[in-house]
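Here are my notes on the model you sent. They start with the overall fold and then move to particular helices and residues.

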Amino acid sequence: MTATLVLTLLFSVLIGLSLGLLGGGGSILTVPILTYVAGLPPKEAIAASLFVVGVTSAVSAVNHARNQRVKWRTGLVFGAAGMAGAFGGGLLGGHVSGTLLMIAFALMMLATSVAMIRGRKNQAVQPHDRELPVMKVILEGLVVGLVTGLVGAGGGFLVVPALALMGGLAMPVAVGTSLVVIAMKSFAGLAGYLTTVTLEWGLIGAVTTAAVVGSFLGARLAGRIPEAALRKGFGIFVMVMGVFVLVQELPATAGLVVGIGAGVLAAGSAVCWFTVPRCPLRAASTA
C-alpha cells in the first residue's frame, strides 16, 4: 500500500464524517481528494465522487433512520424534485462561464453559512420532526436542484438549510433527511457520467469503504451534539469552503485579498469569543 493510497483513505474518512455529521460537504471534499491526492483526472474524479458520496449517503441515511432522524416522504419527494431541477440547471449551466459559476457557487455558500450561523429569525417557531407539506417540498427541491445542477455539487450544503431554516425541521432530522436527497441525486448523476467515463473501481471501492466508516462515526455524533452547536458548526464549515473556492477562482490579487480578509475576520472573531465577555458572537450562540 503506497503512501498516496494511505493518505487518500485517511482523508476519505473525513468525507463520511462530514456526511454523517452534517448531511453535506461530501462532494466538496471528495473531488479535491480524488483530484489532488489520488491524482485522478477531473472528470473521473467527479464521476467517482458521485459513487462515493451516493453510497456513503445511502448507508448513513439508514443509520440515521434507525434513530428516527429521517423523514422518508420529505426526502424522497425533495430528491425527485431536486433531480428534475438539477437536469434543468445542467442544461442552463452549459451556457454559463465555468469561472462565473464557481464564484456564484462560493457566494451562495457564504450566504448559506451566515443564515445557518444566525439561525431562525423567529425563535418562537420551534424546530420539529414532522413531515413537511408536499408542495413546499417540491418547490424547495426544484430550486435547490436547479442551483446544484448549475454548480455541479451534491447539494447537501443547500438541502440542510432548506430543511432546517425554511422547513423548520430539527437540525439532526434535516441532516438525516438530506442524505436521502444526496444519494438520489448522486446516483442519477453517476448514471449519466458512466456513459462516457471509465472508473478505477478498486480505488473507488477502497475510498468508499473508508468514507462509510467515517459516516458511522458522524451519525453517532450527530445524535449527541446540541441543535444550535450542530447548526453553527455546519455554517462555519460551509463558510470556510466558500472562502476557499473564492480564493481559488478569483484572480491572484483578489484571491489573496479575500484570503487575508477571511483570516483577519477569523482571528478577530476568535479574540472576541475568548476574551470579550459581552462578545456579540457569544450572545448569538445562545439563540
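1. From the N terminus on, the elements run α-α-α-α-α-α-α-α-α-α-α-α. That gives 12 helices and zero strands in the protein. Please keep in mind that this is a predicted model.

2. On burial and contacts over the whole chain: of the 287 residues in the protein, 45% are buried. Among contacts with a separation of 6 or more, 81% are made by residues 24 or more positions apart.

3. Helix H1 covers residues 3-22. Its 20 residues, at 1.5 Å a residue, should span 28 Å, and the end C-alpha atoms lie 29 Å apart, which agrees. Several H1 residues are buried, including Thr-8, Leu-9, Ser-12, Ile-15 and Gly-16. Towards the end of H1, Ser-18, Leu-19, Gly-20, Leu-21 and Leu-22 are also buried. After H1 comes Gly-23, with a positive phi near 75°.

4. The packing of two helices is described by the angle between their axes and the distance between the axes. For helix H3 (residues 42-66) and helix H8 (residues 171-193), the angle is about 145° and the axes are 7 Å apart. The crossing of H3 past H8 is left-handed. Sorted by class, this contact of H3 with H8 contains 17 nonpolar, seven polar and one charged residues.

5. How many aromatic pairs does a search of the whole structure find? The search finds one. The pair is Phe-51 with Trp-201: the ring centres are 5.1 Å apart and the planes meet at 80°, so the arrangement is edge-to-face, for which the planes must be over 60 degrees apart. Phe-51 belongs to helix H3 and Trp-201 to helix H9 (residues 201-222), so the pair ties together parts 150 residues apart in sequence.

6. Are the two partners of that pair buried, partly exposed or exposed? Phe-51 has a relative accessible area of 21% and is partly exposed, because buried requires under 20%. Trp-201 is also partly exposed, with a relative accessible area of 44%.

7. Arg-69 deserves a separate entry. This residue sits in the loop between H3 and helix H4 (72-93). Its relative accessibility is 10%, so Arg-69 counts as buried. Arg-69 and Ala-174 are 105 residues apart in sequence, yet their C-alpha atoms are 7.7 Å apart in space.

Terms used. Residues are numbered from 1 along each chain as its sequence is written. This is a predicted model: local features need pLDDT of at least 70, side-chain atom pairs count only at pLDDT 80 or more; totals for chains, interfaces and linings use all residues. Side-chain values use heavy atoms; hydrogens and water are left out. Axes are lines fitted to C-alpha atoms, for helices over the stretch in contact, and angles run from 0 to 180 degrees between N-to-C directions. Helices (H or I, at least four residues) and strands (E, at least two) are DSSP runs, numbered from the N terminus. A crossing is left-handed if the near helix is turned anticlockwise from the far one by less than a right angle, and right-handed if clockwise. Ala, Val, Leu, Ile, Met, Phe, Trp, Tyr, Cys and Pro count as nonpolar, Asp, Glu, Lys and Arg as charged, and the others, Gly among them, as polar. Rings of Phe, Tyr and Trp (its six-membered ring) pair if their centres lie within 6.5 Å; planes under 30 degrees apart count as stacked, over 60 as edge-to-face and the rest as tilted. Buried means under 20% relative accessible area, exposed over 50%, partly exposed in between (1.4 Å probe, protein chains only). The expected span of a helix is 1.5 Å times one less than its number of residues. Contact means heavy atoms within 4.5 Å.
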